[in-house]
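Student: Could you walk me through reading cores and surface patches in a structure like this one?

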Amino acid sequence: MQQHQAQIRLAAIPLLALLMTAVYALVYLTGGVKYVYAHSMYLVILLGGFIYGAPIGALTGALAGLVLGPLMPIDVTTGEAQKTINWLYRSGFFVLAGLFCGTARDCVQRYMGHIQWLMHHDRSSELPNRQALITHLNATTCSNQNFRHSYLAVISVENMLEMEAAYGLGVSDEIIQQLSYRLQTLKDIETGPYRINSHQLAIILTSTPACSIEKRLTRMGEEFNLPFRFDTLLIHADISTGYTTLASRNENPETCLRQAEIALRRAAERSQRWARFSPELDVIHNQDTLELLAELKTALASSQLTLHYQPKVCLLSNAVLGVEALMRWQHPERGFIPPGKFIPRTEHSTLIDELTAWAIDSALTQITHWQSMGIQLSVAVNISPRNLLSPDFADRVLALLEKHQIDGALLELEITEGAFMLDIERTVRELTRLPNANITLSIDDFGTGYSSLQYLDALPVSIIKVDQSFVKSLSKTSGSYHIVKAAVDMAHNLGMQVVAEGVETKTAYELLSDFGCDIAQGYFIARPMPADQFNSWYQDNNGRFRPE
């Protein structure tokens, strides 16, 4: 009715007139107002008030009073006229009925309007909300000229939680209001900003060719860099932007908004001012990946996950000293699922603690089995940075060693460089407990970052693993030649061993031996293998590798 209110009001004028005439005829033909048929006029009055509201409802009542007043006798047969006081009294009730119904209708309409406003606006800032944005995008077709060279951008205040902790919840509304005002002063914004959640705004940038979008974002960034005011204080806001194109889009508005939010997450992860959505980013955040995470718990309990083992060879003696345990997932319906498809996403969820515990438990079980066969090998297991933030990580590892009754010297935990920077004090404190149980700690992917160099002396690690990106193409003429040699020398000077991963050629194997590198690992030696296949390989070679 709200959508077609004008048409209904127009059509109701002749309808009310017709109904009022019909009631007049009914009352007249049934003998006059002394009979009860006069009350039928209330239906016409209530309908008038319901359609037009209080003023017209009262007017309808007054007209109805006139129609059944001096124009209608008490008794048609005798022709006796009504007393003036009688029809005026009745008319008063008619007016009150129309006024009452119209007032009730007006109150309901105002309330419905308020509900509609709340559905499409943020109450605290009074800005249009996420639903309003989706409604607007739905109403605008892809062929609309206004959407040529247009982008949907999501802007987030990344340190909002920090500000709320320092200044209270009111600071978020104030910062968003000021940010909204700054955005409204920019040109070529198709509509005003939309507040899509407590710390994010969305805008539509129009008339922006691909070659100019970064210039516009740079100008926006300059506005964002200016301090924000809260009470008498000046506050800095860390603001990131993710955007996606709207031109020639086939996706629905929800998908476009999700794409912009995915790009925003990438910008925040890399501490960039902005990032553009690309299909590659969607691989990490798509529905299929989330479904895999939901199935991972079942996989842990139903033996879908297994460990494959890649040999690690001493470059001095060519003896196999240990293995690295690498996770594999054979799904009953999806088939083989590459580790790169589920492990990176798992590292951002609480499932990583269960996955790591399973990997360590399975590796220790395999060590026990090898010991029963007379094989003494250490096993290296990769540890996620998130594991180190768990307050009971060291306790869980030590409990697993106790469960299997295995010497900690046979377990090696590989930790990436970036893990140390999450909470360096906690990391050092937790990791120090592990070497006390003879567990070996190594830095994985060494050389891909620089953050851990200043902490090498403080960290209780005894091995560094030179990243495979430097080793794969290693030759006397390659740029990585001096990098690998320097890494080996530095580690030895610090009293550490060096493992080179990604050894794929005999040349690289021999050069690493010449550098004095301690251990090599890679496809040149052997690919990762299931436990049974590794057992055969190990026994066939008498526990040694013969480079050819």
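Predicted model: local features only at pLDDT ≥ 70, side-chain atom pairs only at ≥ 80, totals over all residues.

Student: Where should I start with the interior?

Tutor: In soluble globular proteins, nonpolar side chains tend to be buried together. Here the largest nonpolar core has 81 residues, and Leu305, Leu413 and Leu512 touch the most other members. Helix 13 (residues 351-372) gives this core its largest share, 10 residues. Another core, of 25 residues, lies apart from it and includes Ala153, Met160, Ala237 and Tyr243.

Student: Which residues does Leu305 touch, leaving out those up to four places away in sequence?

Tutor: Its partners are Leu296, Ala299, Leu300, Met327, Arg328, Trp329, Phe342, Leu355 and Trp358.

Student: And Trp274: how should I read its relative accessible area?

Tutor: Buried means under 20%. Trp274 has 21%, so this residue counts as partly exposed. Trp274 sits in strand 7 (residues 274-276). Beyond its neighbours within four places in sequence, Trp274 contacts Glu214, Leu217, Thr218, Thr241, Tyr243 and Ala267.

Student: How far apart are Trp274 and Leu66 in space?

Tutor: Their C-alpha atoms are 71 Å apart, and 208 residues separate the two in sequence.

Student: Now the surface: which residues form a nonpolar patch there?

Tutor: Leu26, Tyr35, Val36 and Tyr37 do, with about 370 Å² of accessible area together. Tyr35 belongs to the loop between helix 1 (5-29) and helix 2 (41-52). Tyr35 counts as partly exposed because its relative accessibility is 37%.

Terms used: Residues numbered from 1 in each chain as written. Heavy atoms only, no water. Patch = residues over 30% accessible without salt bridge, like charges linked within 9 Å, V, L, I, M, F, W, Y side chains within 5 Å. Areas by Shrake-Rupley, 256 points an atom, 1.4 Å probe, with all protein chains shown as cover. Salt bridge = Lys/Arg side-chain N within 4 Å of Asp/Glu carboxyl O. Helix = DSSP H or I, 4+ residues; strand = E, 2+ residues; numbered from the N terminus. Buried < 20%, exposed > 50% of the residue type's maximum accessible area, 1.4 Å probe, protein only. Contact = heavy atoms within 4.5 Å. Core = buried A, V, L, I, M, F, W, Y, C linked by side-chain atoms within 4.5 Å.
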